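Please look through the sequence and the model below, and then follow the text from strand to strand.

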Amino acid sequence: MARVLVTRQLPAAGLEPLHQEGHTIVQRLDDEPFSHDELVAAVGDVDGMVCLLTDPIDGAVLRAGAAGRLRVVGTAAVGFDNIDVATAAELGVAVCNTPGVLDKTTADLAFLLILAASRLASEAERDLRAGRWGGWGFMDHLGRDVHGTVLGLVGYGRIAREVARRAEGFAMEVLHHARRTTGFPGYVAGLDELLATADVVSLHVPLTEETRRLVGARELGLMKPTAVLVNTARGPVVDEEALADALESGGIYAAGLDVFDGEPVVNPRLLAAPRTVLLPHIGSATIGTRTKMARLACQGVCDVLAGRTAPNLLRP
Ligand code: GLV
């Protein structure tokens, strides 16, 4: 039986695969995040690790693990930009993530942001809570319609496709851009063309060196002044300073953001920007989905430790 480091508290049902295989779970009682140094120290003495997207699993952590007996890292997230997968592969440490189980939940949240940003829900609620609502006002809190507009999806993976399904119910025309042709209706080969055409742009790409700052000043400048930008992918995909400029100047209409560059710190200019809905990275945050994510990450670790092929194994 193996020792598996679980870096944070997870739903009890999520840990079941580890219990079922009789593994010893190594966990902090206080649920404080491990610092980088603490991770390096802790990983030397375990066979597997279940981590979160907030844990920096870089070369130093992986080397410390591989110098001991670490064989697998399971991240309870679909995004794995926090893990140096190339070094993991070199060291023979398997990496598993949680594809498939959070698509609908994250798409729901993306749609929430599309609606909330377009209809200025945060500003309207702030006014109400602050006692600034003087009564039903014909000309107050006028946002923009979502139904019947053009949705531009950047990236066309599982989550984007779920957003597209939701958009059908709102009679939206759905376009999508991806690096390679998808063969699906609505494919737009050029990102610039998609940005210039869409009324709502929703980002669904993983964070890689190719997608870092994919949406900067030039790209925001291509968007319509009436357009809404939604990001439920990763913060660094957007240049936040350029986004703040665009919101302040009216270069775009509104933004809905669930992810930020440098989380949990949020750029103060975005905090102050008009027509902006900001959420603390809760895309997959439902009890059901987080339980499935934890379970899948733990199951992947168990599979690798037992010599089985984990269906959620990353193949870099
Ligand atoms: C959430 O952001 C995830 O990658 O699962």
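**A parallel sheet, strand by strand**

L151 has V174 in β7 as its bridge partner. This is a predicted model, in which local features need pLDDT of at least 70 and side-chain atom pairs count only at pLDDT 80 or more, while totals for chains, interfaces and linings use all residues. Residues are numbered from 1 along each chain as its sequence is written, and side-chain values use heavy atoms, with hydrogens and water left out.

Strand β6 (residues 150-154) runs parallel to β7 and is joined to it by five bridges; strands are DSSP runs of E of at least two residues, helices are runs of H or I of at least four, both numbered from the N terminus, and two strands pair if DSSP finds at least two bridges between them. Both belong to an open sheet of six strands with parallel pairing, in the order β7-β6-β8-β9-β10-β11. Its edge strands, each pairing on one side only, are β7 (173-177) and β11 (276-278).

β6 also runs parallel to β8, to which four bridges join it, and here L153 has S202 in β8 as its bridge partner. Within β8 (residues 200-203), V200 and S202 point one way and V201 and L203 the other, and all are buried, that is, under 20% relative accessible area with a 1.4 Å probe, protein chains only. In a regular strand the side chains alternate between the two faces of the sheet.

From β8, four bridges in the parallel sense lead on to β9 (residues 228-231), where V228 is the bridge partner of V200.

Technical notes. Buried < 20%, exposed > 50% of the residue type's maximum accessible area, 1.4 Å probe, protein only.
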